[in-house]
Amino acid sequence: MDGLERQMEVLSIKHKEKWIKHYSSSHKILLVGEGDFSFAANMGKAFGSAINMVATSLYSKETMMLKYSKAATNLRELEDLGCLVMHEVDAHTMSKHPLLNQKLFDRIVFNFPATALKRSESNIRQIEKHQRLVKGFLGSAHDMLEVNGEIHVTHKTTEPYSKWEIERLAEDAGLRLVEKVRFKKADYPGFSNKRGSGPRADQTFSAGNSCTFKFSRKIT
């Protein structure tokens with residue numbers, strides 16, 4: 001039993017189970033590619049504790065502070081709630097990270113995955129870059145799931161975003177679709193989805209016409 005599992009035992013004794021949409025305070029949760037960490041902070045506050053959570057970002061802490069105006073506040077809240085916050089974590093190789101390679105999770109979440117925008121969203125080369133990101137994430141997350149665990153990817157479903165073919169990428173990674181649920185930002189008060197790159201990195205974008213795709217390992 002690792003440290004996270006021992007903490008979870010204490011949590012289950014001291015706190016009644018709480019839910020926020022698809023996520024329970026009893027779940028071991030890995031949040032990948034966090035923007036300003038507002039989604040993680042929202043979840044931790046809803047649970048009253050974040051000791052069951054690991055929240056990661058591709059960027060260094062210093063870069064996060066420069067990119068996002070609320071990052072410092074959200075990070076302080078997460079630290080106070082007991083969350084393990086990790087910077088410079090690559091979604092493609094996270095299963096091999098020394099702080100993660102011995103952990104398994106009930107829920108692994110990547111909201112609105114995207115690479116830096118160099119071309120139009122409808123450009124085939126840009127779409128292929130996004131697909132490589134998602135494919136790498138799904139392959140790495142596959143090896144980090146508990147037996148009944150799920151991988152959640154929230155993504156827009158209209159064109160050109162539908163051309164990413166999220167479900168096919170999951171199939172290729174040895175996963176099956178459990179459910180596709182409409183995403184409602186109002187379910188996560190305080191969550192601010194960010195553009196993440198360029199001069200407008202700290203600006204939000206419309207999360208309308210989006211769904212959370214839930215995947216699990218294929219049954220063999």
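This is a short walk through one predicted model, helix by helix and then loop by loop.

Hi everyone, thanks for coming. A word on the ground rules before we look at anything. Residues are numbered from 1 along each chain as its sequence is written, and side-chain values use heavy atoms, with hydrogens and water left out. Because the model is predicted, local features need pLDDT of at least 70 and side-chain atom pairs count only at pLDDT 80 or more, while totals for chains, interfaces and linings use all residues.

Let me start with the annotation. Over residues 30-195 the chain is 33% helix and 22% strand, with the end C-alpha atoms 21 Å apart. When I say helix or strand, I mean DSSP runs numbered from the N terminus: H or I of at least four residues for helices, E of at least two for strands.

Now, helix 2, which spans residues 38-47. How many of its ten residues are buried? Eight are, and the helix is mostly covered. Buried here means under 20% relative accessible area, exposed means over 50%, and partly exposed is in between, using a 1.4 Å probe and protein chains only. The buried set is Ser38, Phe39, Ala40, Ala41, Asn42, Met43, Gly44 and Phe47. These residues pack against several elements, including strand 3, strand 4 (53-56), helix 4 and strand 6. Contact, by the way, means heavy atoms within 4.5 Å. Just after helix 2, Gly48 takes a positive phi of about 85°.

Two packed helices are described by the angle between their axes and the distance between the axes. For helix 2 and helix 4, the angle is about 35° and the axes are 9 Å apart. The axes are lines fitted to C-alpha atoms, for helices over the stretch in contact, and angles run from 0 to 180 degrees between N-to-C directions. The crossing is left-handed, which means that the near helix is turned anticlockwise from the far one by less than a right angle; clockwise would be right-handed. On the helix 2 side we have Ser38, Ala40, Ala41, Gly44 and Lys45, and they meet Asn74, Glu77, Leu78 and Leu81 of helix 4. By class, that contact has four nonpolar, three polar and two charged residues. Asn74 is worth a click: Asn74 is buried, at 9% relative accessible area. Beyond residues up to four places away in sequence, Asn74 touches Asp36, Phe37, Ser38 and Ala41.

On to helix 5, residues 124-142. Helix 5 has 19 residues and reaches 26 Å from its first C-alpha to its last, close to the 27 Å expected at 1.5 Å a residue. That expected span is 1.5 Å times one less than the number of residues. What do its buried residues pack against? The partners are strand 3 (29-32), strand 6 (105-111), strand 7 (145-156), helix 6 (166-172), strand 8 (175-182) and strand 9 (210-217).

Gln126 is buried, with a relative accessible area of 0%. Leaving aside neighbours within four places in sequence, Gln126 is in contact with Thr115, Ala116, Leu117, Lys118, Arg119, Ser120 and Glu121. Leu133, also in helix 5, is buried at 14%. Not counting residues up to four places away in sequence, Leu133 touches His92, Phe110, Pro113, Ala114 and Thr115.

In the loop between strand 7 and helix 6 sits Pro160, and the peptide bond from Glu159 to Pro160 is cis, with omega near 5°. Glu165 lies in the loop between strand 7 and helix 6 as well, and has a positive phi of about 55° although it is not a glycine. Is Glu165 buried or partly exposed? Glu165 is partly exposed, at 38%. Asn209, in the loop between strand 8 and strand 9, has a positive phi near 55° and is exposed, at 55% relative accessible area.

Note on methods:
Nonpolar A, V, L, I, M, F, W, Y, C, P; charged D, E, K, R; others polar.
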